[in-house]
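Dear colleague,

Please find the structure handed over below, together with the sequence.

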Amino acid sequence: MMTDSSLLNSELDLQQQEELYQQLLLQTLGQINSESPDSKVIRPEPGMCVKTFSESNKEKVFINVCQSNSVPPPPELSREKLVELLQSDDPSGFRVPMSLGEPHTEIDNSSQGCTAYDVVINQDFFQKCQKDPLFQQFVILVSVEGLENKYNLELSREWKVLKNRKFLGSVSEQNIRTKSRPVIEELQPPEKSPATTKSLRRPEFTMIVEPPAGEPEYLIAEIKLPGVGSSLSLVLDVGEDRLVLTARPSLFHLDIFHPFLVDQENSVAQYNSSTQILTVTMPVVSS
């Protein structure tokens, strides 16, 4: 790993540099964990119940789309923009904040066992979706895709919204995140380097899996940001399977998906102003 040369004595060898990086990483993790809690417990309100089934075994699956103002709303989206979004090559580029609950076993109207999932979205956005069938279908689609990505499912797109049932089972409390972005720790920057371009472009980056063999423990992204003099110019968002980075003003933009589920809360980012490389270390929770 690259570190600021001002932190190191010229006589330190590569092994000592690696030890110093690991020490910095542990210190940063400790700082994040010792801050105010990054999550809180909420009890959402029932919204609508969607019936579908698993493509693998054809078993029934119910999705309880719940509502709570503790979940932030998505960016403002008009019906015209939604139509454009659904017709675009990347409709998943629009992110709807949601909390995806753990699966729970329930009994349906036929006295058969089934699996249910609770999905919580912003209450005002839910009410907007209830007034327009297009928005309703959109929020069901993103809920289905979110559950598929998180739990490695394959769900049918032939779903049905139950008319006389808002929830299957009983409403449970959920833990939701109050912070979604890791702290970017800057490693003693030298003089700021002026930006040399104002054109928005994709930066060069490298993804590293540690350890290289066996079960992955960490996914490390090294992103080259020439011309960025300070971490204050960076906006980083680490998702479960996605990394989005913007260097302001309009210098770089990176939006990538990766094949792992990572621990967002314990992800750490460090920007080295000497090498102008951002290193994002993400603990892997599932592959």
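Strands here are DSSP runs of E with at least two residues, helices are DSSP runs of H or I with at least four, and both are numbered from the N terminus. The model is predicted, so local features need pLDDT of at least 70 and side-chain atom pairs count only at pLDDT 80 or more, while totals for chains, interfaces and linings use all residues. Residues are numbered from 1 along each chain as its sequence is written, and side-chain values use heavy atoms, with hydrogens and water left out.

Strand 12 and strand 13 (residues 242–247) are paired in the antiparallel sense over five bridges; two strands pair if DSSP finds at least two bridges between them. They belong to an open sheet of three strands in the order 12-13-14, with antiparallel pairing. Strand 12 (234–238) and strand 14 (252–257) are at the edges with a single partner strand each, so one side of each has no neighbour in the sheet. From one strand to the next, the twist averages 5°.

Helix 3 (residues 123–131) packs with helix 4 (residues 133–151) at an angle of about 125°, the axes being 5 Å apart. Axes are lines fitted to C-alpha atoms, for helices over the stretch in contact, and angles run from 0 to 180 degrees between N-to-C directions. Helix 3 is therefore oblique to helix 4 (under 35 degrees counts as roughly parallel, over 145 as roughly antiparallel, 65 to 115 as roughly perpendicular and the rest as oblique). In this contact (heavy atoms within 4.5 Å), Phe-125, Lys-128, Cys-129, Gln-130 and Lys-131 of helix 3 meet Pro-133, Phe-135, Gln-136 and Val-139 of helix 4.

Two loops also deserve a mention. Pro-211 is placed in the loop between strand 10 (205–210) and strand 11 (218–224). In the loop between strand 5 (104–107) and strand 6 (113–122) lies Ser-111, a residue other than glycine whose phi is positive, near 60°.

Yours sincerely
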